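Open the model in your viewer and keep the selection tool at hand.

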Amino acid sequence: MAEVAAAASSGRASQGFLPGIAAGAAALLAEGDRGGGSGVALRTADLASCVDAIAEIFDHMGPVLHFARADMTSKVESLRSVAPQRPTLAEVVESDKAAGTLTTRGSPARNLHRLTAVITFMRVLLEQMLADRNAQLKDVAYRAYEQSLAHIHPYVVRTAVWAGVWVVPARDTFLRSIGETEDSAAGPARAFVRDAAAIEAAVLSLFKGTTMPASDAAPAGFGGVGASAGTGTGGSWSSWWAGTPQQANTS
């Protein structure tokens with residue numbers, strides 16, 4: 001179980017952020033395979049460590065998404081707190097399902113569902129960057145946001161992100177901030193994209209048949225913005241929301 005945290009921490013310390021999260025994702029899947037080769041065997045503490053490492057990305061995206069770091073950190077800690085009693089993700093979901101709290105705000109299972117959006121955000125961001133080296137970071141960041149975190153944010157937050165995405169750093173500035181170049185980033189980015197897709201599929205399969213509700217309030221730390229109406233999740237969001245991972249369109 002400690003292998004995931006160690007892989008991500010070692011990778012970030014010795015090579016940088018991107019190799020670290022690639023190593024963490026690979027270790028998470030490897031640990032799950034040891035549990036029987038099924039997505040339901042993914043370990044709760046390992047998933048928490050993996051997402052915690054990925055969430056560092058928000059420190060490099062400028063102020064528009066910085067609030068997401070604190071929001072996801074609290075959700076990570078909620079998973080860590082139940083990991084001794086619910087060591088696998090399947091147990092996290094089944095426990096809340098049995099208690100009738102699967103969709104209740106703050107429940108470990110709902111937090112798990114939300115944390116999957118961070119993995120999706122990182123995967124889509126890297127997919128888009130790999131697909132087009134000339135794409136501006138603000139464009140790929142917003143497409144990644146629309147396919148991931150927008151699912152768990154109310155209308156007021158989505159609107160603010162749309163308006164604030166113009167202050168996302170330039171692509172080369174972003175790459176320098178995570179210690180990479182276009183060439184050096186390509187290998188670990190591809191590795192992460194591959195493993196992240198498998199992790200998302202495994203986690204979201206646990207929610208199959210359950211429609212998770214959209215948030216009706218801004219996350220803590222979002223500049224004091226309160227609840228807002230307009231939280232529907234229609235259109236292209238529906239398949240992800242119902243527990244089916246949606247691949248990014250990189251064409």
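In which crossing, left-handed or right-handed, does α4 pass α6? Helices here are DSSP runs of H or I with at least four residues, and strands are E runs of at least two, numbered from the N terminus. This is a predicted model: local features need pLDDT of at least 70, side-chain atom pairs count only at pLDDT 80 or more, and totals for chains, interfaces and linings use all residues. Residues are numbered from 1 along each chain as its sequence is written, and side-chain values use heavy atoms, with hydrogens and water left out.

Select residues 67-82 for α4 and residues 108-131 for α6. α4 passes α6 in a left-handed crossing (the near helix is turned anticlockwise from the far one by less than a right angle). The two pack at an angle of about 130°, their axes 9 Å apart (lines fitted to C-alpha atoms over the stretch in contact, with angles from 0 to 180 degrees between N-to-C directions).

Next, select Met72, Lys75, Val76, Ser78, Leu79 and Val82 in α4; they meet Pro108, Asn111, Leu112, Arg114, Leu115 and Val118 in α6 (contact means heavy atoms within 4.5 Å).

Now show the whole protein. Eleven helices and zero strands are present. Colour by burial: 53% of the 251 residues count as buried (under 20% relative accessible area, 1.4 Å probe, protein chains only). Among contacts with a separation of 6 or more, 76% come from residues 24 or more positions apart.

Definitions and conventions
Buried means under 20% relative accessible area, exposed over 50%, partly exposed in between (1.4 Å probe, protein chains only).
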